[in-house]
Amino acid sequence: MFNNSVQAPNSGILSPLLGLALFAVASGYLMSLLPLALTALALPLSLSAWLASAYYTGLLLGALQAQRLIAVIGHRMAFIICLLVLLATVLLMFMLPYAGAWLALRLVAGAATAGIFVVVESWLLLVNDDKQRAARLGIYMLTLYAGSAVGQLLIEPIGIVGSVPFISIATLLALAILAPLFTRTAKPQQVLHSAVSIKELSSLSKPAFIGCVVSGLVLGPIYGLMPSYLSNYTQWGNKVGVLMASLVLGGMLVQPLSSYLSARLNKTLLQAFAAAIGVLAALAIAMANTWLAMWLSLFILGAAAFSIYPIAISQACVNVPAEKIVAITELMLISYSIGSICGPLLAGSAQSLAFKLPLYIALVLASTSVYMLIMASKEKTGRGHLPPTLGV
């Protein structure tokens, strides 16, 4: 049991959302900046896959400790500390442009980001109404992806060379700290918080768990390798920022629809449908021969790929009491991190092949769609051995 967990149906959510938005802009810019800046810094392009995996390894390690951090110092202070740590890693990466240093710093950055995600997700989801949770999760994902899309668009005007990109990112993170720093009354109330027992873990929805892992397997390479793929293997290398923004924009705009459907339809079937659309979009990326075709394909892939995680986490939280929400969101982030660590390395193992990344994404999503369809049929016939509410 932990004594500093929270339940706050009436607490303000503006503070975490504002901080999240500024963090997302900085993070979106940084995610695309790092693989594109390797050449200018005389670092090998193959480092991009390892940087992504180091970051997601940190995400996993941070997710394992995030609940404990929140229990000790509360949501607000945990949010501030994680943003400060992330800001420090950005400045140090500029000062130490070496492969070993970057790998270590991205590991630390991943751990700090895990804390940010668990803090904001659990802060918003600490209500007892499942439909309100779905609505808040939709707002959370919309804010996250909108900020990330804006961050991608900063690549062209600010650039990828010199100190200005890193200073700009650090400034955005510093501004993000101001939201929780000067809004003391917005923090959730302290109530009893409990962890999830082993018995309860076994009863959690398996499609929710698999959905989070698959989301990591797909989004890890999208964030870590897609900028390099677009720059090196397509004829639109000078439009990487706009193309990456279209991908994130698709994920952002689908969130209200995803939230609406997730609260009303079978969540396992929704994941199957999203994965199937993602397969078609990934194959279209591999075959795109015009800028518009590539833009639309990326937009649709973003809509499909970015909708799986919120559906999965919403499924995991169905009928879960508020005092267990922090533990559940932490568990789902751990699942996502496992996929994110493996994804960039698997997708980047043969990165010299131009079609490797889109075909990898198509294969993962095709397998996921088939699995979710099988699980949805079992839930419908009662052969899935899931508690009735967890398969909804």
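The text below covers helix packing and then cavities.

The model is predicted: local features need pLDDT of at least 70, side-chain atom pairs count only at pLDDT 80 or more, and totals for chains, interfaces and linings use all residues. Residues are numbered from 1 along each chain as its sequence is written, and side-chain values use heavy atoms, with hydrogens and water left out.

Helices (H or I, at least four residues) are DSSP runs, numbered from the N terminus. Axes are lines fitted to C-alpha atoms, for helices over the stretch in contact, and angles run from 0 to 180 degrees between N-to-C directions.

| Pair | Angle | Axis separation |
|---|---|---|
| α8 (residues 206-233) and α12 (residues 291-316) | about 150 degrees | 8 Å |
| α8 and α9 (residues 240-253) | about 140 degrees | 10 Å |
| α8 and α11 (residues 267-287) | about 20 degrees | 12 Å |

Angles under 35 degrees count as roughly parallel, over 145 as roughly antiparallel, 65 to 115 as roughly perpendicular and the rest as oblique. With their angle of about 150 degrees, α8 and α12 are therefore roughly antiparallel. The angle of about 140 degrees between α8 and α9 makes this pair oblique. The helices α8 and α11 are roughly parallel.

A crossing is left-handed if the near helix is turned anticlockwise from the far one by less than a right angle, and right-handed if clockwise. By this rule α8 crosses α12 in a left-handed way. Contact means heavy atoms within 4.5 Å. Residues of α8 that touch α12 include Gly 211, Ser 215, Ile 222, Tyr 223 and Met 226, and among their partners in α12 are Leu 298, Phe 306 and Tyr 309. Ala, Val, Leu, Ile, Met, Phe, Trp, Tyr, Cys and Pro count as nonpolar, Asp, Glu, Lys and Arg as charged, and the others, Gly among them, as polar. In these classes the contact of α8 with α12 has 18 nonpolar, three polar and no charged residues.

The crossing of α8 and α9 is right-handed. Ile 222, Met 226, Pro 227, Leu 230 and Ser 231 of α8 meet Val 240, Leu 243, Met 244 and Leu 247 of α9. Eight of these residues are nonpolar, one is polar and none is charged.

The crossing of α8 and α11 is left-handed. Here Pro 207, Ala 208, Gly 211 and Tyr 229 of α8 touch Thr 268, Gln 271, Ile 285 and Ala 286 of α11. This contact has five nonpolar, three polar and no charged residues.

**Cavities**

On a 1 Å grid over the protein atoms alone, a cavity is a set of points where a 1.4 Å probe fits but cannot get out, and lining residues have an atom within 4 Å of a point. Grid points are joined across faces, edges and corners, and a volume is the space filled by probe spheres set on the points.

The whole structure has five cavities of 30 Å³ or more.

Conventions
Helices (H or I, at least four residues) and strands (E, at least two) are DSSP runs, numbered from the N terminus. On a 1 Å grid over the protein atoms alone, a cavity is a set of points where a 1.4 Å probe fits but cannot get out, and a pocket is an open set with protein on both sides within 12 Å along at least five of seven lines; lining residues have an atom within 4 Å of a point.
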